[in-house]
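Please look over the structure shown here before reading on.

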Number of protein chains: 2
Amino acid sequence: MQLHKSIGLVGVLLASAATAQTFQRLGACPTLGCVFPPDQADFLAGQYFDIRLEVHAPINGSEATSLMPDEEFTFTIAKGNGSAVAATEYFGLSEPELERWNFSWYEDLFARDAKKPSIVNVTAKAYRRVALYEPGEYTATLTYNSGEKTVATWFVRDLAEERKTKNVIIFIGDGMTTNMITAARLIAHKTVNGKYMTKMQMDKFPILGHQMTHSIDTFITDSANSASALYTGHKSTVNCLGVYADSSKDPFDDPKVETIAELFHRLTGGHVGIVSTAYIADATPAALTAHTRDRGQYGAVVDSFLNGITNYTWTSWGGPDVLFGGGAEQFYSPELGGETYMGKDYYQEFANKGYQVIWNNTALQAASSEEKTLGIFSVSNMAKWLDRNVYKTNLNQSLSPSGDESMALDQPGLKEMTLKALDILIKRSGDKGFFLMSEAASIDKMMHVLDYDRALGELLELDDTVKATIAKLEDECLLKETLILVTADHGHGFDVMGSVDTKYLAAQNTDRKKRDAVGTYQRSGLSQYINTGNLTYTDSNFPSNWDPRYTLFQGLMADPDRRETWSVRKDGPREPAVAQDEEEEDFIANPEDGEGGILLNGTLPIEDDQGVHSLTDVPVFAMGPCQEKFGGVYNSIDIFFGMAECLGLARGKPSGY
Amino acid sequence: MQLHKSIGLVGVLLASAATAQTFQRLGACPTLGCVFPPDQADFLAGQYFDIRLEVHAPINGSEATSLMPDEEFTFTIAKGNGSAVAATEYFGLSEPELERWNFSWYEDLFARDAKKPSIVNVTAKAYRRVALYEPGEYTATLTYNSGEKTVATWFVRDLAEERKTKNVIIFIGDGMTTNMITAARLIAHKTVNGKYMTKMQMDKFPILGHQMTHSIDTFITDSANSASALYTGHKSTVNCLGVYADSSKDPFDDPKVETIAELFHRLTGGHVGIVSTAYIADATPAALTAHTRDRGQYGAVVDSFLNGITNYTWTSWGGPDVLFGGGAEQFYSPELGGETYMGKDYYQEFANKGYQVIWNNTALQAASSEEKTLGIFSVSNMAKWLDRNVYKTNLNQSLSPSGDESMALDQPGLKEMTLKALDILIKRSGDKGFFLMSEAASIDKMMHVLDYDRALGELLELDDTVKATIAKLEDECLLKETLILVTADHGHGFDVMGSVDTKYLAAQNTDRKKRDAVGTYQRSGLSQYINTGNLTYTDSNFPSNWDPRYTLFQGLMADPDRRETWSVRKDGPREPAVAQDEEEEDFIANPEDGEGGILLNGTLPIEDDQGVHSLTDVPVFAMGPCQEKFGGVYNSIDIFFGMAECLGLARGKPSGY
């Protein structure tokens with residue numbers, strides 16, 4: 001009776017859980033028995049991962065059951081049509097300890113407003129650091145509640161172990177979409193009668209693909225989750241770095257998956273470089289070495305760059321050859337205001353392990369290419385291209401990486417960091433080859449604050465960096481041995497619809513009249529960013545005028561309240577919305593932003609002061625060995641499998657065999 | 001002195017003209033001497049075109065000159081480093097007559113408000129139906145005002161004359177962007193833990209490209225101009241069909257360029273099919289045969305389908321084998337309210353030339369595949385997929401193609417029209433091969449009215465049509481002899497940013513509270529369009545529920561005032577804005593649209609009641625012979641050159657030689 005009742009209940013629960021949308025009990029677990037990695041997971045042969053099993057017993061809400069959380073659940077693995085064997089036997093592990101916890105969630109916004117959470121009791125186990133070596137299909141079965149089953153089909157891809165590229169460079173334009181590339185091209189490259197006289201470097205790549213960026217359990221991703229998919233071949237949940245999200249409170253016990261950096265180092269001794277214009281503990285660089293359900297664990301992220309994972313036996317990790325970015329506050333000691341892991345001075349920690357430590361562009365240029373190098377160039381995110389090159393007084397802020405509150409005036413750009421990273425990696429890696437991730441982080445950060453000009457400046461800097469990288473590899477005779485990818489981790493809903501006569505807009509008295517300054521179709525005209533002004537750049541393509549009378553009529557689909565002038569913000573990055581009531585987080589248009597512009601009500605929840613990510617597939621530009629693997633349309637995880645295959649990282653048996 | 005003064009003036013004028021943006025004196029002519037085709041034009045060897053020369057003498061405004069419009073201008077052509085010869089000699093033509101006219105324009109919005117137009121006197125000539133046969137660079141020089149020169153460099157591409165494909169099918173999703181494809185995939189294809197269980201047909205194409213859609217003289221295009229670029233290899237101006245825009249008032253005297261359909265018919269006797277869900281005189285189908293500066297000349301467009309160009313000697317044209325679409329009002333006689341060319345009954349005109357004429361899907365299915373066929377299925381644009389398949393009572397409108405004001409209930413969809421078109425083309429073309437253009441027109445039309453659901457329905461119907469087309473070609477053993485392209489002509493700034501709890505939104509009392517119904521990132525959840533509901537379709541992928549509680553948080557960047565509920569419009573296509581003062585064209589949110597939704601102020605000029613096109617590069621999916629020519633990033637005109645090369649349409653000498 002118990003069994004039948006349980007089955008009947010589960011039938012109802014499934015239908016109910018399927019409607020959970022704004023909130024979910026647990027992302028990739030619609031039933032009451034959870035297996036992570038879940039159904040449909042793909043694996044690289046030999047890739048390390050953890051298995052997490054959970055059985056949920058909701059005690060109230062629409063899924064309420066009178067069952068106690070099952071402590072007797074079992075778990076088996078079957079390869080192909082083979083027979084199912086206990087996971088302990090399959091992996092040669094002893095049975096892990098049973099864990100217990102509970103958590104709560106809201107079934108929808110009405111339940112949230114009524115403050116009626118649903119409580120769930122949980123029993124759980126974790127199998128740590130296992131791997132599947134034989135390509136093919138596996139069936140992982142959790143049996144619980146006296147016969148209920150959650151079945152996960154896993155796929156180990158059949159990839160050649162032969163290495164086809166010596167090096168991989170992946171450039172990530174955070175939040176970069178095709179729409180943004182089109183806009184950047186328009187402001188920086190001249191047309192004559194509809195023909196571009198120069199091209200973006202990306203436009204010259206032989207292979208174009210699109211990757212789908214959605215999460216495992218939601219259709220909009222964040223940068224942690226999307227970077228994890230690109231680096232591990234496993235999609236996960238928003239805020240996760242290199243783990244599947246379980247329901248426990250501990251942000252460090254979630255089931256891990258091994259990253260491309262970890263695999264490359266462990267299996268080949270290859271050298272790794274990490275470069276970003278963000279604070280370096282930010283999600284996109286962090287996802288190469290960190291494994292946590294909470295991307296906000298910045299101190300632990302920085303520790304993982306240096307020491308790898310230390311709370312569990314995991315992969316071998318020796319630290320990157322290069323780590324360049326911002327985010328000094330996670331390095332300098334708490335005495336100076338730093339917020340570091342276990343209160344340590346991470347400049348010292350890196351130095352203790354043999355790293356040269358540098359804090360500005362002059363030191364970067366002078367640095368030895370033979371040593372492992374930590375370069376931290378500012379507190380928080382690094383300065384934007386537009387401020388470093390055009391509106392330079394905006395650098396006058398107390399952001400020195402030393403932590404002494406002096407200014408960080410001598411910051412390198414993405415190009416300078418990337419070229420030095422290449423110097424070091426080429427010098428140090430020898431025959432082993434290298435993997436370099438270089439991120440233009442502030443395309444995303446500036447789109448979030450609706451600062452379109454700065455975002456496009458960052459995108460153009462990325463393109464310029466790719467161009468300089470190709471030239472350098474050609475000089476070093478490494479171009480044919482290096483797979484170069486340029487892609488993004490997700491989009492923002494951005495586009496350009498025409499031009500704005502900013503002079504006319506400013507001269508009108510009402511918002512409705514100001515709207516007449518917008519020119520669409522035949523009134524959009526040509527780009528005045530490139531046809532007027534006299535700014536020039538050596539061997540690079542950037543606008544000759546960032547402040548023309550006729551600007552781009554550009555923007556995002558989803559915004560907070562804001563005031564639009566469609567003019568460059570000369571005083572530094574934009575702050576479109578401010579809280580009218582700090583406690584309530586009730587954001588309104590910033591009265592100090594966009595003076596004389598059109599006041600526009602937003603569509604986002606009023607507690608949001610920024611734009612948000614979007615669904616669109618993002619472009620992938622590929623050149624070099626294996627480039628053909630990156631054409632057409634595919635899932636974000638296929639970027640991982642493509643890189644891993646090209647580097648020959650699949651392993652049909654444990655190393656040492 | 002006259003000469004020097006003139007040169008000095010021109011220097012100033014150039015700088016001034018370069019700032020013309022919202023309005024332009026004449027698009028592709030920034031100087032006072034105009035050559036069309038202009039500088040940087042590319043040509044297919046042997047492609048017919050007209051040459052238009054103009055000399056402008058502005059009599060007021062910032063460009064005012066005391067010069068009379070030059071009547072003694074000269075024009076030469078030089079091939080490569082060869083000497084320049086008079087165009088009459090080069091082409092073996094007698095000197096054309098001098099023409100004279102004037103026109104006016106506004107220098108900017110202030111001049112418009114002040115009603116101060118700038119007047120320009122013009123002298124002009126036209127050289128009709130010429131061609132360049134030898135590949136390479138040409139210099140075309142207009143000399144005017146006693147020594148001023150406008151120099152145009154022309155390029156005749158060096159393409160093999162060998163034919164590589166028997167057939168070409170180009171599908172155009174009007175206004176379709178990558179972002180929309182991503183959204184359509186989300187509502188119609190199921191994911192399990194982040195992996196799609198089925199794919200869009202487009203996602204399966206081996207080759208992906210991006211094409212740049214901008215106009216010759218503005219960065220936002222319309223569908224006339226962009227279709228002309230795709231079909232002729234020549235970018236032009238908004239509203240132009242197969243011509244460069246001159247400054248004369250006559251919409252039929254502008255310099256023409258031969259289209260892919262015309263070339264294919266003239267040079268190979270190949271068979272042509274034209275299919276669209278729009279009224280068939282709309283820009284995308286029209287641009288295959290019409291040559292006019294004004295896309296609004298619908299009657300003349302319809303005549304051009306049948307009779308080609310009749311006001312000048314032009315190419316040979318025999319009419320398409322297939323012409324399927326809406327727009328009956330340009331066919332039935334004026335006695336029934338038709339608005340036809342020269343008052344004729346175009347059903348009769350087509351019948352007189354041997355066409356079978358059909359008016360509904362039943363007749364379409366029953367029609368002979370051996371005859372040329374005209375199929376006109378409704379007045380105006382055809383019914384949308386969502387109304388034909390889900391909200392069928394919306395078909396109850398007096399739109400019968402007969403013109404008798406009965407209802408057009410039995411309309412085919414794009415798939416039915418395209419498959420029948422293939423039947424006819426395959427049967428009739430024999431060894432000659434065929435060229436078919438099939439347009440999903442209402443992706444664009446529904447995005448214009450912010451009706452996201454209907455737009456995505458049209459996109460899914462396009463994908464289903466492509467799928468059925470491939471299956472049919474495979475059945476007919478023609479798949480390997482047919483180049484298939486799926487692309488767009490321009491974008492709309494659209495994206496999806498999350499989900500909306502429509503039940504919660506409706507239950508809130510203020511717009512600011514309603515905004516809390518929006519779920520972004522981890523609150524976006526999974527697609528309830530495919531995970532709920534019970535709508536099913538035979539062998540096709542469409543949503544199982546168009547009206548779930550949790551909908552897509554989707555939209556455009558540039559809008560009129562409107563009210564958003566993010567719910568399907570069950571009563572037919574949306575009308576987001578209405579005029580509050582018909583004379584003033586002052587549009588406000590339609591009080592009858594989006595009841596209970598959030599009122600949002602637009603950013604577009606208040607005389608706009610619709611969304612507008614955007615800048616973004618649009619995707620190109622290619623399979624079949626020559627598919628490799630369509631990967632990477634390129635200009636829209638390269639689609640023409642790719643198709644023409646694949647069909648072997650370049651000619652090194654005049655036919656008959």
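In this predicted model, A:Asp617 forms a salt bridge with B:Arg185, and the closest N and O atoms of the two residues are 2.7 Å apart. Across the interface of chain A and chain B, the rule finds 14 salt bridges.

**The interface of chain A and chain B**

- On the side of chain A, 116 residues are in contact with 116 residues of chain B.
- The size of an interface is often given as the accessible area lost when the parts come together.
- Between chain A and chain B the buried area is about 9600 Å², and carbon and sulfur atoms give 56% of this area.

**Domains of chain A**

- Chain A is divided into domain 1, which covers residues 2-156, and domain 2, which covers residues 494-600.
- The centres of these two domains of chain A, taken over C-alpha atoms, are separated by 49 Å.

**Helix α14 of chain A**

- Helix α14 of chain A runs over residues 452-475, and its 24 residues reach 35 Å from the first C-alpha to the last, close to the 34 Å expected at 1.5 Å a residue.
- Because 20 of its 24 residues are buried, α14(A) is largely enclosed by the rest of the structure.
- A:Asp464 lies in this helix and is buried, with a relative accessible area of 10%.
- Leaving aside neighbours within four places in sequence, A:Asp464 is in contact with A:Lys415, A:Asp539, A:Ser540 and A:Phe542.
- Just after α14(A), A:Cys477 takes a positive phi of about 55 degrees.

Key
Residues numbered from 1 in each chain as written. Chains lettered and ligands numbered in written order. Predicted model: local features only at pLDDT ≥ 70, side-chain atom pairs only at ≥ 80, totals over all residues. Heavy atoms only, no water. Helix = DSSP H or I, 4+ residues; strand = E, 2+ residues; numbered from the N terminus. Expected span 1.5 Å × (residues − 1). Buried < 20%, exposed > 50% of the residue type's maximum accessible area, 1.4 Å probe, protein only. Contact = heavy atoms within 4.5 Å. Domains from an automatic or database assignment. Buried area = accessible area lost by both parts, 1.4 Å probe. Salt bridge = Lys/Arg side-chain N within 4 Å of Asp/Glu carboxyl O.
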